[in-house]
Structures are given as C-alpha cells and as structure tokens.
Amino acid sequence: MEQKKFDGIFTALLTPFDKNDCVNTKALSELVKFNLGMGVRGFYVTGSTGEAFLLSTEERKLVMETVRDTAPDATLIAHIGSPRAKEALELAQYAKELGYDAISSVAPIYYKYSFDEIKNYYYRLADTGELPMLVYHIPTFSGVNLGLGEMRQFLCDDRFMGIKYTSNDFFMLEQCKSSFPDKIVYNGFDEMFLCGLSMGADGAIGSTYNFMADKFVKIHELFKAGNIAEAQKLQIKANEIIALLCKVGVMPAEKEVLNLLGYDMGDCRHPFSPLSDEAKKLVKDQILPLI
Ligand code: MN9
C-alpha cells in the first residue's frame, strides 16, 4: 500500500440537499472543488458527516459517483457501513467498480453482536470490496467499543489498512500505531488533531474540514516541521470555531457556514431540525468572522 497516498487531511464530506430534499450534486461538486483548493489529500465519502444513515442506497451511490467524477485524482475512501449488511456489501462492490482507493465501515450497529460476528461483517466486506479496509472506530456513536486486543486482530490482517479513530483515548491510538507502524491511523476528532498527531496519527478525517481544511493542512505541516508552538496556536483558533459549532449542533452549523460562504448545502435531513433564526444569527455573527 502506498503510505503517501493515504496520509494527510481528508474531508468527511457533508451531503448537500436541495429544496426538495434530494441530493444536490451540483453543490456537492462545488464543495469538493473548494476542498481540493484548500489542499486536502482526499475525501471520506458518505460517513457520519455525509448523513449516510439517512440516505437510500441509490443516494449513497449517487454521492460516491459524483465525488469520483469531480475528483478522480484525489484519494477516495467510501464509507459503506450499514446496519443492513446486504446494503454494505452492495456498496463495497460499487466502490470497487468506481475505482475508490479504500472502503471503510463503522461496526454493525443497533443489535449487540459478538466480536466474532463483527469480525465476520468486516471480513465479508473486505473480501467483497477487494479494497483496503479502514475500520471506523467511533464508540460514542456506534455503541461498539472495540478494545486494543480486538483492534489488533484487524490490524494484523493484510486486508485492513488501518483505523479512522474517533475517540479521545489517545493511549490506545498510540498503542495501535506503535504495534503496526505500517498501518494508517486517522485522527477523528478535529478539535484534538494535534493530540492525535503527537501520539502517532498519520493524518485526519473530519467534518469541520469541509470549510476550514486549510487550517488543518497547516497544523499538519507545522507539526511535521517540529513547530509545535505555531501548530498549537492554530489548533486553538480552530477550536474556538468548533466550540461554537458544538453549541449550535455540528453538522447543521457546518452546513449553515457553507450556505453563507455561497455553497448551496440546504439543511440536514429530518429528523435533524432546520436551524432556528437564533442559531443562524449565531453562525453569521460569531462563527463566520472567525473563519
Ligand atoms: O468525522 C467527525 N465526527 C463526527 C468526524 O461527526 C461524530 C468530527 O469531525 C467531528 O464532527 C468534529 C466535531 O466534534 O470533531
């Protein structure tokens, strides 16, 4: 596996919807181009941030295809995870057909599966997709908290390229990377990117990069150059913005930021609520000036 192709900053793309609640492919292409201009290495497509679990199979395919057509040279990772394993398998195959570089999945959610069942889910996806598999570790959302011993069982397997690591247990992140230095570990919480880097992360996948990837590309460069003081200043600046996004609701607020920047993102899909006028005002008056 080419390590270089997979390191750096990856935007966990938002999915824009039009007035009729359909995927807005024109706005999606524009968002992808804007992100390429900010220096991202590639995209994580139809993940949590892309509202994967609120999209139909056909919509997920449409998003995957639009991103591939707009950014054929970027490194593309398709999140194909689904509580319906059959859907995940179909999407794994589709990612391969489209020429994606890797696939990724959250652990199967809702039912309490045994670790053997979780392993079989991942193995079948990796074998069907015939692409490097990235385990998406996000215990607070998925309710599946794989431990170090379990994670090692994936990392020692040639079919698995690494982990998208969305947890603040940085000891475990370090242990995963130190045990398998050739595997890729992506930091998942943008507000803790610098912590992840200092414990061995190769890069990051995140939602706030949709409109401020340039800051994180810079943090990564500064870190690699050993300029930790400057990297820390930038992380703190980004965190001022992220704290406000959290106050409003991360994804709806991110879409509103982009709406104000001229990208037609619409709202997040029901059961997310549209932003109140008060929340819109906060985004405009407090977040926008910080970007
Ligand atoms: O993909 C994102 N995680 C979730 C990663 O959405 C659960 C992060 O980018 C967060 O949105 C971000 C704000 O907490 O770090």
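Let's start in the sheet: strand E7, helix H9 (residues 193-198) and strand E8 form a β-α-β unit that is right-handed, meaning that, with the strands pointing away from the viewer, the path from the first strand over the helix to the second runs clockwise. Helices (H or I, at least four residues) and strands (E, at least two) are DSSP runs, numbered from the N terminus. This is a predicted model, in which local features need pLDDT of at least 70 and side-chain atom pairs count only at pLDDT 80 or more, while totals for chains, interfaces and linings use all residues. Residues are numbered from 1 along each chain as its sequence is written, and side-chain values use heavy atoms, with hydrogens and water left out.

**Around strand E7**

E7 covers residues 184-187. Ile 184 and Tyr 186 point one way from this strand, Val 185 and Asn 187 point the other way, and all are buried (under 20% relative accessible area with a 1.4 Å probe, protein chains only; exposed is over 50%, and partly exposed is in between).

On one pairing, E6 (residues 160-165) and E7 are joined in the parallel sense by four bridges; two strands pair if DSSP finds at least two bridges between them. Gly 162 has Ile 184 of E7 as its bridge partner. From E6 the chain passes through helix H8 (residues 170-179) to reach E7, in a right-handed β-α-β crossover. E7 also pairs in the parallel sense with E8 (residues 203-206), over two bridges, and here Tyr 186 stands opposite Gly 203.

**Strand E1 and its partners**

Gly 203 in E8 also stands opposite Gly 8. E1 (residues 8-12) runs parallel to E8, with four bridges joining them. Five of the five residues of E1 are buried. With E2 (residues 42-45), E1 pairs in the parallel sense over three bridges, and Thr 11 faces Phe 43 there.

**The ligand site**

Which residues surround the ligand? They are Thr 49, Ile 138, Phe 141, Lys 164, Gly 188, Phe 189, Asp 190, Glu 191, Ile 205, Gly 206, Ser 207 and Val 250, counting a residue if one of its heavy atoms lies within 4 Å.

| Residue | Atom type in the residue | Distance to a ligand oxygen |
|---|---|---|
| Lys 164 | side-chain N or O | 3.1 Å |
| Glu 191 | polar side-chain | 2.5 Å |
| Ser 207 | polar backbone | 2.8 Å |

H4 (residues 85-98) has 14 residues and spans 20 Å from its first C-alpha to its last, close to the 20 Å expected at 1.5 Å a residue; the expected span is 1.5 Å times one less than the number of residues. Its buried residues are Glu 87, Ala 88, Leu 89, Leu 91, Ala 92, Tyr 94, Ala 95 and Leu 98. Their cover includes helix H3 (57-70), strand E3 (75-79), strand E4 (102-106) and helix H5 (115-129). Just after H4, Gly 99 has a positive phi of about 85°.

Ala 126 lies in H5 and is buried, with a relative accessible area of 5%. Leaving aside neighbours within four places in sequence, Ala 126 is in contact with Leu 131, Met 133 and Arg 159, where contact means heavy atoms within 4.5 Å.

Notes. Polar contact = N/O pair within 3.5 Å; in protein donor to acceptor, adjacent residues only side chain to side chain.
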